Amino acid sequence: MAKEERILSVLIVAFSLSLLGLFIGVFQPSITGAAVESTTSQVVISSYVALSKSTNLTGGIDFGTISTLPVRGVNATGNYNFSNNKTVYYVSISPDSNSAVDFCIKADAFNTSGGAEIGLGNYTWSDFAANNITHPEPYPTITGMSTNYITGSLAVAVGSDNAYRFFLNVTAAQPPGTYNNTVNIQGVPTGDSCT
Amino acid sequence: MNTKLFALLLLLCVVLAFPVAARKGVGIVWNTETEIVKEGTNYCIEYGIYNPWDEDVNALLSVSEEFKPIVNNEESEPRLVEGGTKHDRAVPINLCFDIDNVYQQDCLFGDFFCQQKCDVQPVTHEGKIVVMEETTGSAGMGSSTTLGVSVPLKLKVQCNAHPRDWTLAYLALAILLLILIIIVLLRRRKNKA
């Protein structure tokens, strides 16, 4: 009988210890704490940037009809406005922005529905944060389009425009057809990369 | 009379020669570029879309490829943002991410009795949040254009160091001891009877 009592006592002690261990295991994170009370300071700084395409850029980049091959440096139809020789392709940074903007550009394949393709190296462009007869640079510009973003103008100021000109080379062997693609222009806060 | 008519015609010519082109565009408001997130949790960040230009626009918020595997509720539906919406009245959009358990735990049996020492390099997801004007088809001939604003985002996954978890062992031991106590008590009762 006494032996049974001792066994029972040992079991109850062991059970209590295991419950204690379980309690500590479950509640350990909540019972540890610092004896020092602290308060936090917080400030949220917002950044905001808004961009808009010019009406002509919204309408797309058109090289018209080319009937004589080969040709080099064909101007997009909006490269030079007849009245002031400015390009009508530009992106505006809204005055309701608080960061200057770096611009990047990329394009997908310039091809026909039948699969004929003009290499993006023949589709060149220039951009500049001013707009006149010499800027953005006229042909020959050296930057060809790519399927990856290429950086253009940097640190264009809030409230300013970034202007574009586009040019096309077509070789003699290029099959006839209507060639289309999409040109993506992206703005990032200055100092950041597009990729 | 002729002077007035001439002035009116002149005014008409000026108005026709310089039409006011309504503009539309998109903007993004962001409050963070780096967030510390806990592994195994769902984490949301709020962005704002605005359009301070003249015309209403359908804007689309998307994430770069790097975030595609962990974003769980990307707002893929375009949102109408009225013209004249300044940044302080931006349309809020919540972007939520599922943060996986990225740090390997040291466990004794399967997923039991694990500890986390956090002695590895911190895991970081880096990518872009992009707001774009919804595309409305190609220009017909030549190139159609899209315009977007992208902002960087870095999610640093926090590692939660913890000692080996013996909870299950204590639980099993407690159950075993409770059974033994009940057996002993039942035997004692039987002996008394």
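**Note on the predicted model of chains A and B**

1. With 80 degrees about the S-S bond, the disulfide between Cys104(A) and Cys194(A) is right-handed. The sulfur atoms of Cys104(A) and Cys194(A) lie 1.6 Å apart. Over all chains, the structure holds four disulfides. The model is predicted, and the values here should be read with that in mind.

2. The interface between the chains brings 61 residues of chain A into contact with 49 residues of chain B. About 4,400 Å² is buried between chain A and chain B, and carbon and sulfur atoms give 57% of that area.

3. Polar links also cross the interface of chain A and chain B: 34 residue pairs are in polar contact, counting pairs with both residues at pLDDT 80 or more. On the side of chain A that touches chain B, α1 (2-31), β1 (47-53), α2 (55-58), β3 (89-93) and β11 (180-189) each supply at least two residues. Of the elements of chain A, α1(A) gives the most to this side, with 15 residues. By class, the side of chain A that touches chain B has 29 nonpolar, 26 polar and six charged residues.

4. Two salt bridges are found across the interface of chain A and chain B. One of them joins the side chains of Glu5(A) and Arg188(B), at 2.1 Å from N to O.

5. Strand pairing also runs from one chain to the other. β11(A) pairs with strand β10 (residues 142-158) of chain B in the parallel sense, over eight bridges. Within this pairing, Gly187(A) has Val149(B) in β10(B) as its bridge partner.

6. His135(A) and Pro136(A) are joined by a cis peptide bond with omega of about -5 degrees. Pro136(A) sits in the loop between β7 (123-128) and β8 (143-144) of chain A. Tyr139(A) and Pro140(A) are likewise joined by a cis peptide bond, with omega of about 0 degrees. Pro140(A) also lies in the loop between β7 and β8 of chain A.

7. A backbone point concerns chain B. Phe113(B) is a residue other than glycine with a positive phi, near 55 degrees. Phe113(B) is placed in strand β8 (residues 112-115) of chain B.

Definitions and conventions:
Residues numbered from 1 in each chain as written. Chains lettered and ligands numbered in written order. Predicted model: local features only at pLDDT ≥ 70, side-chain atom pairs only at ≥ 80, totals over all residues. Heavy atoms only, no water. Contact = heavy atoms within 4.5 Å. Buried area = accessible area lost by both parts, 1.4 Å probe. Salt bridge = Lys/Arg side-chain N within 4 Å of Asp/Glu carboxyl O. Polar contact = N/O pair within 3.5 Å; in protein donor to acceptor, adjacent residues only side chain to side chain. Helix = DSSP H or I, 4+ residues; strand = E, 2+ residues; numbered from the N terminus. Nonpolar A, V, L, I, M, F, W, Y, C, P; charged D, E, K, R; others polar. Pairing = 2+ DSSP bridges. Disulfide = S-S within 2.5 Å.
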